[in-house]
Amino acid sequence: MKRRHWFSKTGLWLGLSFLYLPIVSMIVFSFNNSRLVTVWDAPNSPTLKWYGELFRNEQILGAAWLSIRIAAMTATGAVVLGTLAGLVLARFGPFRGRALLSGMTTAPLVMPEVITGLSLLLLFVALEQLTGWPEARDAATITIAHITFSMAYVTIVVQSRLAGFDNSLEEAALDLGARPAKVFFRITLPLIVPAIMSGWLLAFTLSWDDVVVSQFVAGPGSTTLPMVIFSKVRLGVSPDVNALATIMVLIVATGVVTSAIWMRRQERRRDREMQMAAAANK
Amino acid sequence: MAERRNDNKKEPWRDPSAQAYVQIENVTKRFGDFVAVNNVSLKIYQHEIFCLLGGSGCGKTTLLRMLAGFEPPSSGRILIDGKDMADTPPYERPTNMMFQSYALFPHMSVAKNVSFGLEQEKLPKAQIASRVEEILDIVKMREFAGRKPHQLSGGQRQRVALARALAKRPKLLLLDEPLGALDKKLREQTQFELINIQERLGVTFVVVTHDQEEAMTLASRIGVMNRGEIVQVGTPSEIYEFPGTRFVADFIGSVNMFEGQLIEDLPDRVRIRSAELGGVVYVDHGISAAPGAVVWAAIRPEKINISRTAPADAAENCVSGVVKEIAYMGDLSIYLVKIASGKMVRVTLPNTERLSDHERILWDENVFLSWHSSSPVVLSQ
């Protein structure tokens, strides 16, 4: 018993350090005074020097703002298309071409990013020659490219949420006199809002940290944040990137922890209410 | 229940000139190669509680869903109030349905669930509110109006589902296993409430159930279904006392079936020799079958007497055997008696007196089983 206790404890710590040691070292070095990332300048550290520099760096701030806009547009577009696809797959029963649609929407999940990026680039170039649009590759082409691969995730999330719901909810609404469009807005949509929200966040994250596809379809004036980081690191790791990454980790961690706490509370309240309802029945 | 409705006025199906409210004409439903409902014709009259009874997969739910408009028939017609429903979508039919899963909208309160249907009719707000209150009063759920479905117990959800289906005052209410999810005690109580509500509001009910007890208690008439077909339609007592086929006799209640040959076939009596019984069954009413035909004599367990001594006229309608099993159920006891042919015969006795163990018939006793000549039902298929 004691032996196993020791074993699982070691396993836990090894696993955790494997996952988080790189991040911790990055956070620590973001407070380093030295320009050399690998050398800890003990007398002058910790310092917020690189954070200050970061906020004076127009290139990074501009790229971050562009990335946020692209991610938000991508997430919104992916949610609209993905929800429609998920709805059709989960609710419209068997129809001609269903298997094809199902396969095609989920294909981007397994497609190598390099191929997705390359084929989209070829598409945009061909389109430009044929129709004159897009004149240059910019934020719009990046957004379209991001929507194509992040839509698949939204589709899957929405489809599985709908699969967990009884068809008869929508039938009941029809039976009570609501027309199909009304059934969608009053019953179906409220039920899948959680899935749509998590799909939106998922698509946002995918777009936010994509380098490979963006690399193919970006133009000279549209450099996203991950692309800036990537090019900076190629010239040698600069400490302001550490600072930037630390801020991003902080934002993500706050978000994850808050939503976990909120969901846990909701679940507990629901459990309690259900227990009370069951007890009242006796 | 059936007895109460026995005056002719309340039995419109006995009146050939009566207008049926629901007419199902030669309706068939196929899913691919599978025939779920096979050429069913039915007439259901106003103010009836009509039960579709059958095992799982017999097509009863499919038939109900066709009435609601969720499935189009592959062939045949459905008329409600004289109007062909072929092109009427569910949201325009004069029917409402109570779903087996209740299908309460989880994101709406009880009151919102109930008012949903009324809002679709674009009634004024005040009228909707008063109708919701009224219907919640009927199902005794008014104090729970603000709750969400997950805050209700199973029985309460069932009431809300009923209230929601009744709120639009449909002429025809379709109920899919309405009491299936309730425990036994609550189910019995709710059965009678359903009947009360139905009589008060004058709605026509079509109930789908696999529970024969539920069908017996609720129904004005029962349609027994098997493999997509209606095998028999009748009042609960007709179905129980005069089953038309072995399937119906066996499905409704329990029955002892003896295979035999007709040896005497007169208009007012028949005799059946049964090897399975090891004797002759004498029946005091005539049947229509060819002499010498193979028939089955079906005798209900409660119509068989059990005694230690042979009855006076033991030549016919009597058999001896050994008690093999006794199940004491409180209100009655079930005996399984093994007769000479090896067949087990089921007998039920009401426990009308409190007997001590030495007065009661016990295991391994030799007993005589006998029945009145009016008790057997002779079935030829």
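Reader: What is the handedness of the crossing of helix 3 of chain A and helix 4 of chain A?

Author: In this predicted model, the crossing of these two helices of chain A is left-handed. The residues of the contact comprise four nonpolar, two polar and one charged.

Reader: Which residues of helix 3 of chain A and helix 4 of chain A meet?

Author: From helix 3 of chain A come A:A85, A:V88 and A:L89, and they meet A:R98, A:L101, A:S102 and A:T105 of helix 4 of chain A.

Reader: Why do strand 2 and strand 5 of chain B stand at the edges?

Author: Four strands of chain B form an open sheet with antiparallel pairing, in the order 2-1-4-5. Strand 2 (34–44) and strand 5 (83–84) of chain B each have a single partner strand, so one side of each lacks a neighbour in the sheet.

Reader: How do you know that strand 1 and strand 2 of chain B pair?

Author: Pairing requires at least two bridges; strand 1 (residues 22–31) and strand 2 of chain B pair in the antiparallel sense over seven bridges. B:Q23 stands opposite B:K43 in strand 2 of chain B. Helix 1 (residues 60–68) of chain B packs on the sheet, touching strand 1, strand 2 and strand 4 (75–80) of chain B.

Key: Residues are numbered from 1 along each chain as its sequence is written. Chains are lettered from A and ligands numbered from 1 in the order in which they are written. This is a predicted model: local features need pLDDT of at least 70, side-chain atom pairs count only at pLDDT 80 or more; totals for chains, interfaces and linings use all residues. Side-chain values use heavy atoms; hydrogens and water are left out. A crossing is left-handed if the near helix is turned anticlockwise from the far one by less than a right angle, and right-handed if clockwise. Contact means heavy atoms within 4.5 Å. Ala, Val, Leu, Ile, Met, Phe, Trp, Tyr, Cys and Pro count as nonpolar, Asp, Glu, Lys and Arg as charged, and the others, Gly among them, as polar. Axes are lines fitted to C-alpha atoms, for helices over the stretch in contact, and angles run from 0 to 180 degrees between N-to-C directions.
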